[in-house]
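Here is a briefing on part of one protein model. Please keep the sequence and the 3D view open while reading.

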Amino acid sequence: MGKGQAGDGWRVDERCTNCDVARQLAAGLVGEVAGRSAVLRQPGDAAETARLHAAAHACPTRSVRPPGGRLDPARDPFPMPLEDPGSDTGAVLLCGHNSPHTAGANSYLLRRPDGTSMMIDTPRWSPALAARYEARGPVTDVLLTHRDHAAHGRSYADGFGARLWIHEGDLAAAPDADRVLRGTEPAEIADGVLALPFPGHTRGSVLYLADERYCFSGDSFYWSRTTADVEVVDSVTWYSIRELAASLARTADRLRFEWLLPGHGDRRRLPHEEMAARIRNLTARTRELAPRPVDFTAVRW
């Protein structure tokens, strides 16, 4: 077991794929050691223990193990409000239960003023989880940011009786989608919710913007703890880094949001003006990037 892990306490087992999910939810308790996550220290209070339970229930490989080795369903906090994890309120909830079939991507529930919700990307599939997410309100739409996160889209859409959305550029990953976004022009898909096609990471990548507050960015860009800035994952850009630079240049001036909510990488809230400035800087930096071979080990989490 990794450095800092105690045999009779919390630990991360050898199935870890270094997806970063546990480190997002239990920063300071879980860190990267030798290319995968490890428990750096045992929890010191109830709040830290709760953070480790969240990490354990989100981990796509179930590698985060509590003392005794068995997860307690009663300690599962998901779906967990983004802005106040101790409450049951908030416009955005983190779904947890990340799926190995989406490389451990984060997914979200976006609550709307009429009491309905939208799901952005998907957690692992199970009818019990679908019922848990729907208990917060009817889910009307499942919004896929791109092909890598499409694995459970149809199952959740059918389970909810919801519409499944994807862009035509990634339609092969969800050929039975109910709604297909086309071209590169923004599309209003509901009151206050905008789909912004964003080719680059994949041909059919999409940003979903809600209420000039939330940006669900898929794998197009994310917050890096390493650089303390917004970054693109140029080492894992499947389609074209030049197209990604073009997408940023085309849309940077119209992106207005506070919360950056990616599929992979960390989340971050900043004032509108600061976030806009960082997006402009990211646009300039990305313009200078050249295509490179795919290298998962080069991601700057």
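The model is predicted. Strand β14 (residues 206-210) has 5 of its 5 residues buried. Helix α5 (residues 241-251) has buried residues too, and they line one face of the helix.

**Helix α5**
- The buried residues of α5 are Ile-241, Leu-244, Ala-245, Ser-247, Leu-248 and Thr-251.
- Viewed down the axis of α5, these buried residues fall within an arc of 160°, so they line one face.
- Their cover includes β13 (193-197) and α6 (272-287).
- Ser-240 caps the N-terminal end of α5. A side-chain oxygen of Ser-240 lies 3.3 Å from the backbone nitrogen of Arg-242.

**Strand β14**
- Because 5 of the 5 residues of β14 are buried, the strand is largely enclosed by the rest of the structure.
- In a regular strand, side chains alternate between the two faces of the sheet.
- Val-206, Tyr-208 and Ala-210 point one way from β14. Leu-207 and Leu-209 point the other way. All of them are buried.

**Strand pairing**
- β13 and β14 run antiparallel and are joined by 5 bridges.
- Leu-196 has Leu-207 of β14 as its bridge partner.
- β14 and β15 (residues 214-218) also run antiparallel, joined by 3 bridges.
- Leu-209 has Cys-215 of β15 as its bridge partner.

**Hairpin of β14 and β15**
- This hairpin has 3 residues between the strands.
- Asp-211 takes a positive phi near 60° there.

How values were computed. Residues are numbered from 1 along each chain as its sequence is written. This is a predicted model: local features need pLDDT of at least 70, side-chain atom pairs count only at pLDDT 80 or more; totals for chains, interfaces and linings use all residues. Side-chain values use heavy atoms; hydrogens and water are left out. Buried means under 20% relative accessible area, exposed over 50%, partly exposed in between (1.4 Å probe, protein chains only). Helices (H or I, at least four residues) and strands (E, at least two) are DSSP runs, numbered from the N terminus. The arc is that of the directions from the helix axis to the C-beta atoms. Contact means heavy atoms within 4.5 Å. A polar contact is a pair of N or O atoms within 3.5 Å; within protein, one must be able to donate a hydrogen and the other to accept it, and residues adjacent in sequence count only if both atoms are side-chain atoms. Two strands pair if DSSP finds at least two bridges between them.
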